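The entries below follow the order in which I looked.

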Amino acid sequence: KVVVVVSAMGGVTDALIDTARKAQAGDETYRDQLDEIYYRHRKAAEELFTAEQLKQVQPFLKEQTRNLENLLYGVLLIKELSARVLDTVMSYGETVSAFITAHYFKHNLQIPVEHLDSKQLVKTDSNFGYAAVQFDQTNANLQQATGGIKKGVFVMGGFIASDRHNVVTTLGRGGSDYTAAIAGAALNAAEIEIWTDVDGVMTADPRKVKKAFSLLQMTYEEAMEMSHFGAKVIHPPTIQPALDKKIPLRIKNTFNPAFPGTLITTQTPPDDHPVKGITSIAQIALVSLQGSGLIGVTGIAGRLFSALARRRVN
């Protein structure tokens, strides 16, 4: 039994956000950009499927695009783009990608496959843009959706979910990896694999350090530390569900599948290198808060961090 979690096609989420921003600004060229997004998916479908198979895929693609078109027209009319509406706009990429992938598995690879709608299964709060997962309900939904089949493949979109009112939410950028970890933990998977475009976790950013090399194994704690402090290959929340269930997490390269990648587990074998890796974060702001009005006044730190939190500053 395998659950495959797919993200949107490369660059699609950014294009959807830009399209929505243009509609909000009254820039009617958003229609051209929407057409480009639709044609990109249609072209992919035309390359993957026969003319007969396309008859099953095209109606879904057209329906999703029509819904998105109507939503963006509403944004254009009222010149307002809330986080709630933006989440629905962004969900298009994963919704369509998962549908196309599931149909390709079924009709071209002859793999028994079930397409799961993440928006129905992954439940969150209503913090649009960066929703928090309601694990009890999500785990129950995933177990029920996959429980009736002993073996096979389930395909679902990452990043997208819904709140208790069934309004679309998203899990934040990098949310597809997080969805994979959520599903893996819910179903007690033997292993969670994250397929990316580099050979696992590296000792440093290879664009900055030419001699950087891949780490074959590391602990959950080391991975969390590196991801929080700039290692882009792992989305920080991804590690927690795997850690909670002690499920091995493997980072693999889609373009170099023979390479073993990085295995993240509870412990690593001893080696001669005391330093695991070096990370860096760009675009940091250093804020100093000072003045005589702070001396002996309680709650200043709380007020400062609360003000930053209200603006969603990490």
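Predicted model: local features only at pLDDT ≥ 70, side-chain atom pairs only at ≥ 80, totals over all residues.

Entry 1, a strand pair. I looked up Val-4 and found that it stands opposite Val-155 in strand 3. Strand 1 and strand 3, the latter covering residues 153–157, pair in the parallel sense over five bridges; I took two strands as paired if DSSP finds at least two bridges between them. Helices (H or I, at least four residues) and strands (E, at least two) are DSSP runs, numbered from the N terminus. I reminded myself that strands of a sheet pair through backbone hydrogen bonds, either parallel or antiparallel.

Residues are numbered from 1 along each chain as its sequence is written, and side-chain values use heavy atoms, with hydrogens and water left out.

The open sheet has three strands in the order 1-3-2, with parallel pairing. Its edge strands, each pairing on one side only, are strand 1 (2–6) and strand 2 (113–116). Neighbouring strands of this sheet are turned by 25° against each other on average, direction ignored; axes are lines fitted to C-alpha atoms, for helices over the stretch in contact, and angles run from 0 to 180 degrees between N-to-C directions. Helix 7 (residues 175–186) lies across strand 1 and strand 3 and runs at about 160° to strand 1, where contact means heavy atoms within 4.5 Å.

Entry 3, aromatic rings. I counted three aromatic pairs, using the rule that rings of Phe, Tyr and Trp (its six-membered ring) pair if their centres lie within 6.5 Å, with planes under 30 degrees apart counted as stacked, over 60 as edge-to-face and the rest as tilted. The pair of Phe-49 and Tyr-104 is edge-to-face, because the ring centres are 6.3 Å apart and the planes stand at 65°. Phe-49 lies in the loop between helix 2 (30–48) and helix 3 (51–78) and Tyr-104 in helix 4 (residues 83–107), so this pair ties together parts that are 55 residues apart in sequence. Phe-49 counts as buried because its relative accessibility is 7%, whereas Tyr-104, at 26%, counts as partly exposed; buried means under 20% relative accessible area, exposed over 50%, and partly exposed in between (1.4 Å probe, protein chains only).

I then turned to Phe-60 and Phe-99, a stacked pair with 3.8 Å centre to centre and 15° between the planes. This pair links distant parts of the chain, with Phe-60 in helix 3 and Phe-99 in helix 4, 39 residues apart, and both residues are buried.

At what angle do helix 3 and helix 4 pack? I found about 175°, with the axes 10 Å apart, and the two helices are therefore roughly antiparallel to each other (under 35 degrees counts as roughly parallel, over 145 as roughly antiparallel, 65 to 115 as roughly perpendicular and the rest as oblique). Among the residues that meet are Phe-60, Leu-61 and Leu-68 in helix 3 and Tyr-92, Val-96 and Phe-99 in helix 4.
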